[in-house]
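Me: Could you go through this model with me, starting with how the helices pack and then moving to the charged pairs?

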Amino acid sequence: MQPLLSDSPFGAITCKAGNRICSSLTAENPLTGTRFCDLCCSEPGFCRDCCCILCSKLITLDYDGYSYIRCEAIVVDGHICGHVSHQECAVRAYMAGTVGGSINLDAEYLCRYCDSRTDLVPHALKLLNICTSVASYADIEKILNVGICILRGSQKSSAKELLHRIESINAKLMKGVSIQDAFKKESCVVSTVLPVVHKYQKHLVQTKLQYDQKIKLESLGKSMKEELFVAQPVHQLNAIQLHLGPN
């Protein structure tokens, strides 16, 4: 493999795994702040940027890299971990999804290198968004199944809601509904539900404000009555009571 040259003082930049499309070779590499690793990264042919930490094989960037997870946890001195794993490898190793026992994951990913946990709900939402630009039924099903796998069994309300959306879309596609219609109808449901929720929340706020105002006025009226009776001559009390009425 011919090394890719750069303007850096270090001369040629190469990927240890021989991957010509490795992210470490790009001029705008977002992972320049990764922590130095002297464990797996010291192995010949292993590149932290593009090799799975569990199986050591290359990751693929197909469909915006839907099939792998990168640990972006801050570890030491502001540097991120940066190790990647195939989602399938992580699930098989009980390091992704919902896992009980001592691992205790809830729609999360556990990094083998730094032991940091990553919430997978945002990642599953990314998978759903990726599918909207995919034309192949087979590829969409593959991507959606990854999302279902990492969300299933979660106790998080956000994960349950997203899982329901993904399974609903998947079911429609399996029935032969067009890709556009499957996603359009699903988004219509969301756009219909959200305004109702916002309207209900607004109603609660307005009701609370009205209640607070009523209590304030009642309290003010009571204090005004008390002030009228304070220090009044005895011969004027009957006239004031007749005017104000009973408490």
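Me: Which residues in H3 meet which in H4?

Reply: From H3, the residues Val121, His123, Ala124, Leu127, Leu128, Ile130 and Cys131 meet Ile140, Ile143, Leu144, Val146, Gly147, Ile150 and Leu151 in H4, where contact means heavy atoms within 4.5 Å. By class, this contact has twelve nonpolar, two polar and no charged residues, with Ala, Val, Leu, Ile, Met, Phe, Trp, Tyr, Cys and Pro counted as nonpolar, Asp, Glu, Lys and Arg as charged, and the others, Gly among them, as polar. This is a predicted model, in which local features need pLDDT of at least 70 and side-chain atom pairs count only at pLDDT 80 or more, while totals for chains, interfaces and linings use all residues. Residues are numbered from 1 along each chain as its sequence is written, and side-chain values use heavy atoms, with hydrogens and water left out.

Me: And at what angle do the axes of H3 and H4 cross?

Reply: The axes of helix H3 (residues 121–131) and helix H4 (residues 137–151) cross at roughly 165° and come within 9 Å, the axes being lines fitted to C-alpha atoms over the stretch in contact, with angles running from 0 to 180 degrees between N-to-C directions. That makes H3 roughly antiparallel to H4, a label used for angles over 145 degrees.

Me: OK, switching to charges: how many salt bridges does a search of the whole structure find?

Reply: The search finds five salt bridges, each defined as a side-chain nitrogen of Lys or Arg within 4 Å of a carboxyl oxygen of Asp or Glu. One of them joins lysine 126 and aspartate 64, at 3.8 Å from N to O. Lysine 126 lies in helix H3 and aspartate 64 in helix H1 (residues 62–65), so the pair ties together parts that are 62 residues apart in sequence.

Me: Is aspartate 64 buried or exposed?

Reply: Aspartate 64 is exposed, at 52% relative accessible area, whereas lysine 126 is partly exposed at 31%; buried means under 20%, exposed over 50%, and partly exposed in between, with a 1.4 Å probe and protein chains only.

Me: What does arginine 92 pair with?

Reply: Arginine 92 forms a salt bridge with glutamate 88, the closest N and O atoms being 2.7 Å apart. Both residues lie in helix H2 (residues 87–92), four residues apart, about one turn of the helix. Arginine 92 counts as exposed, at 63% relative accessibility.

Me: Where do aspartate 119 and lysine 156 sit?

Reply: Their side chains meet in a salt bridge at 3.0 Å, N to O, and the pair links distant parts of the chain, with aspartate 119 in strand E9 (residues 117–119) and lysine 156 in the loop between H4 and helix H5 (157–174), 37 residues apart.

How values were computed:
Helix = DSSP H or I, 4+ residues; strand = E, 2+ residues; numbered from the N terminus. Parallel < 35°, antiparallel > 145°, perpendicular 65-115°, else oblique.
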